[in-house]
Amino acid sequence: MTAGPASSLASVLCCGTPVTSEAPDWLRRRLLDAAGSVPFCTYMEWVLHDPDHGAYGSGQLRVGPQGDFVTSPSLGPDFAALLARQLVAWLEALQPRDGESLSLVETGPGEGQLAFDLVQWIAAERPDLAQRLELVLVEPNPGMAARQRLRLQSCPLPHRWARFADLAAAPLTGVVLAHEVLDALAVERFVADGALWRRQRVTLHGHGIRLEPGERLEPDALAQLAALGLAEPGPQRPSGWSSEWHPGLEPWLEDCGRALRCGQLLVIDYAHEAWRYYAPQRANGTLMAYRAQVAQADPLREPGCWDLTAHLCLESLQAAAESRGWLPLGQCRQGQALLALGLAERLHGLQQQPQLGLDQLLQRREALLRLVDPGALGDFRWVAFARASAEDRAGQAPPLFLLEPQSP
Ligand SMILES: C[S@@+](CC[C@H](N)C(=O)[O-])C[C@H]1O[C@@H](n2cnc3c(N)ncnc32)[C@H](O)[C@@H]1O
């Protein structure tokens, strides 16, 4: 996602004085029930996914240029048309069992726009595949699912909403797409305190809330940090240096894996290698808040009204996936991926579309360039994994980006 200019958490938390933000009544009551303090992870889960007050749970966040932030698919249908080529190449190489259909699963579908554009492209360009394909949407937030239902009213493919847990009863053959969804999983934050790593907590002070260092991290968490090069704080990461990790990644990959008998998972998201993620100079991690096209770094501001999102750590994602039985297929930046899938040809092809008015032409051109901008969406990572039972491994998945650049 992208939005307007960002302020950093450092500028929010400067001067050594803890900043207190106002807590709405619902959050105050929750915190009082929890003896006044919860780990950051619990707070993030509440403010994003609470069905009444959470930014996604209540369905109040809007994706798109008129909403709270833009994502690649919300810039227009070109992103889906390029991505569809990769998904179709994978789908066409899969062999469902007798009587089984092929599934395209989108998890975290937001407004439903990406799913809609993908199936429109597939129905128009690969009608034979469309006849064998169903669309499955995995969305835990009822407020968001309600808008997806509206967007997909005229969907040309059979479609349904399901939870991974329901799908596990009869695992699917197909492709799972996770576009900007894993960055919405709640993160655990940790902070240096002398020679110790402590869990960061959100604590109630009167009517306000603050970020405060809590208990020492337990041995499992310390071992995980040590594997990422963070054995102990040390002089490069003085007291107050903080960052985060995603405790929900492994369970998510486990649930997703149980839902898929055979096929691929494509994760598209903000991500850094561990050395960049946990670099000493990144003293407040990667957490950002988005609302009304403004990006800022204070996660406690107006709880439940802002999207909170943190980058993925590539090594943590790879390790979690491999520990849950996923086979790595490769990863690259979005700019590279889209160019391999034909973005330059599509850009060039715009000139051969006389039906486009100048305004539309400039808008499409701008959107295509934004998708590969190395300072923004082009820096997103595409990370692919495969899943296959022993008997299916003979028909191994084709690699990521088997496609040669194609005509638009
Ligand atoms: C940033 S939006 C992304 C929307 C869309 N993929 C796009 O790129 O425009 C995040 C979406 O993921 C959903 N979500 C959050 N946590 C989820 C989870 N654990 N599983 C599936 N979806 C989730 C949110 O409700 C929302 O629909």
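**Notebook: helix packing, sheets and ligand shell**

I began with helices α4 and α5 and found that their crossing is right-handed; a crossing counts as right-handed if the near helix is turned clockwise from the far one by less than a right angle, and as left-handed if anticlockwise. Helices here are DSSP runs of H or I with at least four residues, strands are runs of E with at least two, and both are numbered from the N terminus.

I note that this is a predicted model, in which local features need pLDDT of at least 70 and side-chain atom pairs count only at pLDDT 80 or more, while totals for chains, interfaces and linings use all residues. Residues are numbered from 1 along each chain as its sequence is written.

**α4 and α5**

I looked up which residues make the contact (C-beta atoms, placed from the backbone, within 7 Å). On α4 they are Ala80, Ala81, Ala84, Leu87 and Val88, and on α5 they are Leu114, Asp117, Leu118, Trp121 and Ile122. I sorted them by class: nine are nonpolar, none is polar and one is charged. For the classes, Ala, Val, Leu, Ile, Met, Phe, Trp, Tyr, Cys and Pro count as nonpolar, Asp, Glu, Lys and Arg as charged, and the others, Gly among them, as polar.

I then took the geometry: α4 (residues 78-93) and α5 (residues 113-125) pack at about 65°, with their axes 9 Å apart. That makes α4 roughly perpendicular to α5. Angles of 65 to 115 degrees count as roughly perpendicular, under 35 as roughly parallel, over 145 as roughly antiparallel and the rest as oblique. The axes are lines fitted to C-alpha atoms, for helices over the stretch in contact, and angles run from 0 to 180 degrees between N-to-C directions.

**The seven-stranded sheet**

I read the strand order of an open sheet of seven strands as β5-β4-β3-β6-β11-β18-β17, with mixed pairing; strands pair if DSSP finds at least two bridges between them. β5 (159-161) and β17 (327-333) are at the edges with a single partner strand each, so one side of each has no neighbour in the sheet. I noted an average twist of 15° from one strand to the next.

Within this sheet I checked β3 (residues 102-107) against β6 (residues 172-179): the two pair in the parallel sense over six bridges. Leu102 stands opposite Thr173 in β6. α4 packs on the sheet, where it touches β3, β4 (133-138), β6 and β11 (260-269), and its direction makes about 160° with that of β6. I also found helix α10 (residues 249-259) lying across β6, β11 and β18 (381-387), at about 140° to β11.

**α10 and α12**

I followed α10 to helix α12 (residues 314-323): the two pack at about 45°, with axes 9 Å apart. They are therefore oblique to each other. The crossing is right-handed. Leu249, Glu250 and Leu253 of α10 meet Ser316, Leu317, Ala320, Ala321 and Ser323 of α12. By class I recorded five nonpolar, two polar and one charged.

**The three-stranded sheet**

I found an open sheet of three strands in the order β14-β13-β15, with antiparallel pairing. β14 (294-296) and β15 (307-309) are its edge strands, each pairing on one side only. β13 (residues 288-291) and β14 pair over three bridges, and Tyr290 has Ala295 in β14 as its bridge partner.

**The ligand**

I listed 21 residues around the ligand, of which Tyr56, Thr71, Gly108, Gly110 and Asn141 come nearest; a residue is near if its C-beta atom, placed from the backbone, lies within 6 Å. The shell divides into twelve nonpolar, seven polar and two charged residues.

How values were computed:
Two residues are in contact if their C-beta atoms, placed from the backbone, lie within 7 Å.
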